[in-house]
Amino acid sequence: ALSRLSSHPRCSDMDPSAKDSGGCYGGSSGSRCRARSEGAAGGSGGDVEEARRRQWRAMAQQGLSVFFAEQPEVFQRRARRGIPVEHRWQAWKASMRLEDRARPGFYQELLQVENQWTRLIEIDIPRTFPEIPLFDKEQQYSLHRVLNAFANLDPSVGYCQGMNFVAGLLLLVAQNGDFRESPRFEKEEEAFWMLACLMSDGRLGGFYRRHFPLLRRYLWAFDQLVAEHLPDLQAHFTSENVQHAVYLHQWFLTLFINCLPMPMVLAFWDAMVCGGTGAEVILPITVSLLQVLQNVLLSLPFEDIVRFFKTMRNGEQHTDGALIGRLVVAKCGAIQMPEHVLERLRAPLPEDDLGGASPPASPTPGGEEFICSPTQHRTNSDSGGAGDNAAGGGNRSVAAAFGSSSAFSAASAAFEWATPDGGPSLLGSYWRQFSEMGRDLPQGVRNWWEDTRGNWQHRVGMGGSQVVAGKSAGQEHHEF
């Protein structure tokens, strides 16, 4: 499906001279995908790419921060069409006004202090970008410092799995798209302040805070958009017992980094960081991506849908991921975000409640809110290191139920990892619950479950979900 998109005769490239009349949400055309033939328009895809680079070189000569201040709409429109790798980090810094936000010397102070998340960060670091050999021990140490410093900066967020990929991507882009050189301290410090800006100004911190208040809202908002723009896919997923949250919580918590090819991810991030709408753009981007993939997904049963989503990151090796990402961003300009959805997304987030769940971010028809939450690997910073145990909640492994009555939905919601201190996680409970419900599952789901259980049963116990190998070194810290 992605290959067909990248070779579509009407979308073979995006003309950087095309002007869009709308923002990222709606408008008459969004960022237009202009049909160009070499004979009629006088340019090939390579010509368009070179034109884009000339634009950004001219902007850089003027100064990207100056250009952004003087022509923010032009800057944002061009960013949505893709930023050349050699200008990406400077463009992101200009868009976030990083030089005005950084506090000289403060990062060094934050590095001196350990916290209750330090060990948890250490466990996740080796599991970040394992497919990139150049992300070596030195790079991992730099990532650890950034995450640990941020946890000290904002204890209300602290650290949650998924943030390691976000911070890792910032380090990657800060080093011009690869890890070939040893990380320089100034780039590490810039990545830290960029993370801090995204978490505060971009409101990404709400994705990782206790009870995942912003993730709840995004899952609710996505349901609204899918019902309007993808009714056939919604009906197919319902018939196959596929809950959107099963794949969306990974897409959203890693902001696509651990789910899609990196060139495509970077195109999405250009729109998110510099496009003018912040993290909200991931909703129309996700809908747009599913529109591209809809015909393929409609032909797949449950097991193949799950497999398809799991392999998207490594599949389509011979496609132009950067071009596909830009086309998806352009396509999402046609998706209108309803006002009531935007109001809900932008409303103040609830304060943490140590005694129970946060107030509902969005009600279901029955008055309750449901969410599929990955394990939040942290204890609460306001309880003196006691975490949720002080509130009677045990270790912070947030289990959540779905509103759907399907057995698969309820079981999938409980999928979590073993806790790093060796305490019980919900993975064993997930398997036990699935086994008990096996007689109620569709045959295809049962077959998939039996295969999965056979592959994992030797690593995790059914009753207490003890990790049997490598726990002390974090080797069995399961990815979501």
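How many helices and strands does the secondary structure of the protein chain come to? The answer is 24 helices and zero strands, where helices (H or I, at least four residues) and strands (E, at least two) are DSSP runs numbered from the N terminus.

Colleagues, this is a predicted model, in which local features need pLDDT of at least 70 and side-chain atom pairs count only at pLDDT 80 or more, while totals for chains, interfaces and linings use all residues. Residues are numbered from 1 along each chain as its sequence is written, and side-chain values use heavy atoms, with hydrogens and water left out.

I begin with the chain as a whole. Of its 480 residues, 56% count as buried, meaning under 20% relative accessible area with a 1.4 Å probe, protein chains only. Contacts are heavy atoms within 4.5 Å; among those between residues at least 6 apart in sequence, 74% join residues at least 24 apart.

I turn to the aromatic residues. A pair of aromatic rings is described by the distance of the centres and the angle of the planes. Rings of Phe, Tyr and Trp (its six-membered ring) pair if their centres lie within 6.5 Å; planes under 30 degrees apart count as stacked, over 60 as edge-to-face and the rest as tilted. Because Trp56 belongs to helix H3 (residues 45-62) and Phe75 to helix H5 (residues 72-80), the pair ties together parts that are 19 residues apart in sequence. Both Trp56 and Phe75 are buried. Phe75 also pairs with Phe68, with centres 5.0 Å apart and planes at 70 degrees, so that pair too is edge-to-face. Phe68 is likewise buried.

Elsewhere, ring pairs link Phe237, Tyr247, Trp251, Phe256, Phe268, Phe308 and Phe309 into a cluster.

Which residues line the second largest cavity? They are Leu255, Phe256, Phe268, Trp269, Met272, Val281, Ile282 and Ile285. Helix H17 (262-274) and helix H18 (282-298) are the elements giving two or more residues to this lining, and H17 gives the most, with three. The lining comprises eight nonpolar residues, no polar and no charged. Here nonpolar covers Ala, Val, Leu, Ile, Met, Phe, Trp, Tyr, Cys and Pro; Asp, Glu, Lys and Arg count as charged, and the others, Gly among them, as polar. A cavity is a set of points on a 1 Å grid over the protein atoms alone where a 1.4 Å probe fits but cannot get out, and lining residues have an atom within 4 Å of a point.

Note on methods: On a 1 Å grid over the protein atoms alone, a cavity is a set of points where a 1.4 Å probe fits but cannot get out, and a pocket is an open set with protein on both sides within 12 Å along at least five of seven lines; lining residues have an atom within 4 Å of a point. Buried means under 20% relative accessible area, exposed over 50%, partly exposed in between (1.4 Å probe, protein chains only).
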